Amino acid sequence: LQDVAKHGGDTSVGLKVLSEDQLKELHGILLGILDDILKVCNENGLKFILIGGSAIGALRSGGIIAWDDDIDIAMPRKDFETFTRIIREKFPQKYSILHPQDEKNYGRVIPKIRLHGTCYRTVLERDLPDCGIFIDIYTIENLPDGLFARYFQGIMTIFMGFALSCRRLYHGRHWFRQLMGGGSFYLKCAIGFCLSFAKYETWARWTDYWHSRCKNENSKYVSIPADCRHYFGEMNKRDLLCQYAPVTFEGRTCWVPENADAYLRPIYGDYMQIPPADKQERNCYLEYYPGS
């Protein structure tokens, strides 16, 4: 479903691309959210790392990639649960957190912190009542030390993620048909229909359960199973993702993996080279409102 969020401009279903001025405005709002995340984490001994394009931007230019419309961070699951509790207790009027285990998670397994009074509705969020401007908070999950247990969890995680994707596609089939179509669309819709005995929010909770099933905080391996390469593709030794190095990000001190090159290069190749304009992917949106 991620692929349907990227297009070249306006489409028949109302997709648009942010202008340069809107992007700069959005970046300022995202940095304000990041400042609050930093404050909460620093005051409570919580850890996070920049990942994906945010890590690349920090290392390549010291900030947000010019065409990016988001900031992506990752937290150890234990820290994320504490962070969620603090935000909900201390900032209920300013932020909401979309948590995969909430009853109303709208079929999402990537947690988000959202700023009230704003809106950034993307293709994948057309049905969310709360579409405030957000930062994704991926969870770094412990993996079992035993080979069989680790691979069984991985297989279950991939199965549940695929099932959730099919169930969500079937739920929004009338809308997604306009963007996708084709044999794979109808096949996934058929699978989603067979899985419709449970709500898609339930499938999201089941998927998140398998993501977070291992509670061993000293396990040899960890993963970010909700990220684009899923459980096995994101599996790394704990030392790689859970040892941190400070980095400047738009004048702020954030963190990346201590051996950031070993994390980024297998995914992005020569990430220090700026891609040509036709390779600079921009996400599309349905509705944008930066607040008053």
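**Burial, cores and helix packing**

Tyr106 is buried, its relative accessible area being 18%; buried denotes under 20% relative accessible area, exposed over 50%, and partly exposed the range in between, computed with a 1.4 Å probe on protein chains only. The model is predicted, so that local features require a pLDDT of at least 70 and side-chain atom pairs count only at pLDDT 80 or more, whereas totals for chains, interfaces and linings use all residues. Residues are numbered from 1 along each chain as its sequence is written, and side-chain values rest on heavy atoms, with hydrogens and water left out.

The backbone of Tyr106 is also of note: its phi is near 55°, a positive value in a residue other than glycine. Tyr106 belongs to the loop between strand E3 (95–98) and strand E4 (112–115). Strands (E, at least two residues) and helices (H or I, at least four) are DSSP runs numbered from the N terminus. Glu250, likewise not a glycine, has a positive phi of about 50°. This residue is found in the loop between strand E9 (244–249) and strand E10 (252–257). Glu250 counts as partly exposed, with 33% relative accessibility.

From single residues the account passes to the interior. In soluble globular proteins, nonpolar side chains tend to be buried together. A nonpolar core is here a set of buried Ala, Val, Leu, Ile, Met, Phe, Trp, Tyr and Cys residues joined through side-chain atoms within 4.5 Å. The largest such core has 69 residues, of which Ile37, Phe48, Leu50, Ile71, Phe83 and Ile113 touch the most other members. Helix H1 (residues 20–44) is the greatest contributor to this core, with 11 residues. A second, separate core comprises 11 residues, among them Leu15, Val123, Phe176 and Cys284. Beyond its neighbours within four places in sequence, Ile113 has contacts (heavy atoms within 4.5 Å) that include Ile33, Ile37, Phe83, Ile87, Tyr95, Ile133 and Phe134.

Helix packing comes next. Two packed helices are described by the angle between their axes and the distance between the axes. The axes are lines fitted to C-alpha atoms, for helices over the stretch in contact, and angles run from 0 to 180 degrees between N-to-C directions. Angles under 35 degrees count as roughly parallel, over 145 as roughly antiparallel, 65 to 115 as roughly perpendicular and the rest as oblique.

Helix H4 (residues 147–171) takes part in two of the pairs described here. Its axis and that of helix H7 (residues 200–211) come within 9 Å and cross at roughly 160°, which makes H4 roughly antiparallel to H7. Residues of H4 that meet H7 include Phe152, Met156, Met160 and Leu164, while Trp203, Trp206 and Trp210 are among their partners in H7. The contact has 10 nonpolar, six polar and two charged residues; Ala, Val, Leu, Ile, Met, Phe, Trp, Tyr, Cys and Pro count as nonpolar, Asp, Glu, Lys and Arg as charged, and the others, Gly among them, as polar.

With helix H6 (residues 182–194), the axis of H4 crosses at roughly 100° and comes within 7 Å, so H4 is roughly perpendicular to H6. Contributors to the contact include Phe162, Cys166 and Tyr170 of H4 and Phe185, Cys189 and Phe193 of H6. By class, this contact has eight nonpolar, two polar and two charged residues.

Helix H2 (residues 52–61) packs against helix H10 (residues 260–268) at an angle of about 120°, the axes being 11 Å apart; H2 is therefore oblique to H10. Gly52, Gly53, Ala55, Ile56 and Leu59 of H2 make the contact with Ala260, Tyr263, Leu264 and Tyr268 of H10.
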